[in-house]
Amino acid sequence: MDCHRTVFDTLIIGGGPAGLTAGVYLRRFTRHVALVDKGNSRLSWIPVSHNYPGVP
Ligand SMILES: Cc1cc2nc3c(=O)[nH]c(=O)nc-3n(C[C@H](O)[C@H](O)[C@H](O)COP(=O)(O)OP(=O)(O)OC[C@H]3O[C@@H](n4cnc5c(N)ncnc54)[C@H](O)[C@@H]3O)c2cc1C
């Protein structure tokens with residue numbers, strides 16, 4: 001995310017897997033994205049992750 005930018009193509013509300021995936025794909029299509037999150041993703045309940053898209 002470009003913190004100095006004041007105009008964005010998209011505002012994503014929520015930084016869980018859905019929001020982060022949307023952000024990755026929008027950046028791949030060179031869209032300028034802002035993402036806000038209030039910090040209580042359901043991911044925080046998962047003790048161990050065995051794989052993640054893009055990470056072998
Ligand atoms: C107990 C439990 C165990 C689980 N275990 C597994 C597992 O082992 N493996 C697995 O693959 N999945 C597991 N899941 C499922 C997984 O956590 C969810 O499928 C996944 O987190 C959903 O992603 P999401 O982005 O849709 O929602 P979330 O992860 O819930 O993310 C939503 C985000 O939006 C933000 N938000 C909401 N409202 C606002 C607002 N008004 N302003 C700003 N931000 C906001 C929240 O802070 C949050 O970060 C588990 C879920 C639970 C509850």
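The residues that form the shell around the ligand divide into 7 nonpolar, 7 polar and 3 charged. This description concerns a predicted model. The chain has 56 residues, of which 0% count as buried. Its secondary structure amounts to 1 helix and 2 strands, and from the N terminus on these elements follow the order β-α-β.

**Surroundings of the ligand**

- In total, 17 residues surround the ligand, and the closest are Gly14, Gly16, Ala18, Ser41 and Arg42.
- Helix α1, which covers residues 17-28, provides the largest share of this shell, with 3 residues.

- Strand β1 is joined to strand β2 (residues 33-36) by 4 bridges, and the two strands run parallel.
- The chain passes from β1 through α1 to reach β2, and this β-α-β crossover is right-handed.
- Within the pairing of the strands, Leu11 stands opposite Ala34 in β2, and Ile13 stands opposite Val36 in β2.
- In a regular strand, the side chains alternate between the two faces of the sheet.
- Among contacts in the chain between residues at least 6 apart in sequence, 40% join residues that are at least 24 apart.

**Val33 in strand β2**

- Val33 belongs to strand β2.
- Val33 has 19 C-beta neighbours inside 10 Å and therefore counts as partly exposed, since a residue is buried only if 20 or more other C-beta atoms lie within that distance.
- Val33 and Phe8 are 25 residues apart in sequence, while their C-alpha atoms are 5.7 Å apart in space.

**Gly15, between β1 and α1**

- Gly15 is located in the loop between β1 (10-13) and α1.
- Because 17 other C-beta atoms lie within 10 Å of its own, Gly15 is partly exposed.
- When its neighbours within four places in sequence are left aside, Gly15 is in contact with Leu20, Leu35, Asp37 and Ser41.
- The C-alpha atom of Gly15 is separated by 9.0 Å from that of Asn40, and these two residues are 25 residues apart along the chain.

**Asn40, after β2**

- Asn40 is found in the segment after β2.
- Asn40 is exposed, because 9 other C-beta atoms lie within 10 Å, and a residue is exposed if that number is 12 or fewer.
- Asn40 and Gly14 are 26 residues apart along the chain, and their C-alpha atoms are separated by 9.1 Å.
- Gly14 is also one of the closest residues to the ligand.

**Thr30, between α1 and β2**

- Thr30 is placed in the loop between α1 and β2.
- Although Thr30 is not a glycine, its phi is positive, at about 60°.
- With 7 other C-beta atoms within 10 Å, Thr30 is exposed.

How values were computed: Residues numbered from 1 in each chain as written. Predicted model: local features only at pLDDT ≥ 70, side-chain atom pairs only at ≥ 80, totals over all residues. Near = placed C-beta within 6 Å. Nonpolar A, V, L, I, M, F, W, Y, C, P; charged D, E, K, R; others polar. Contact = placed C-beta atoms within 7 Å. Pairing = 2+ DSSP bridges. Right-handed = clockwise from strand over helix to strand, strands pointing away.
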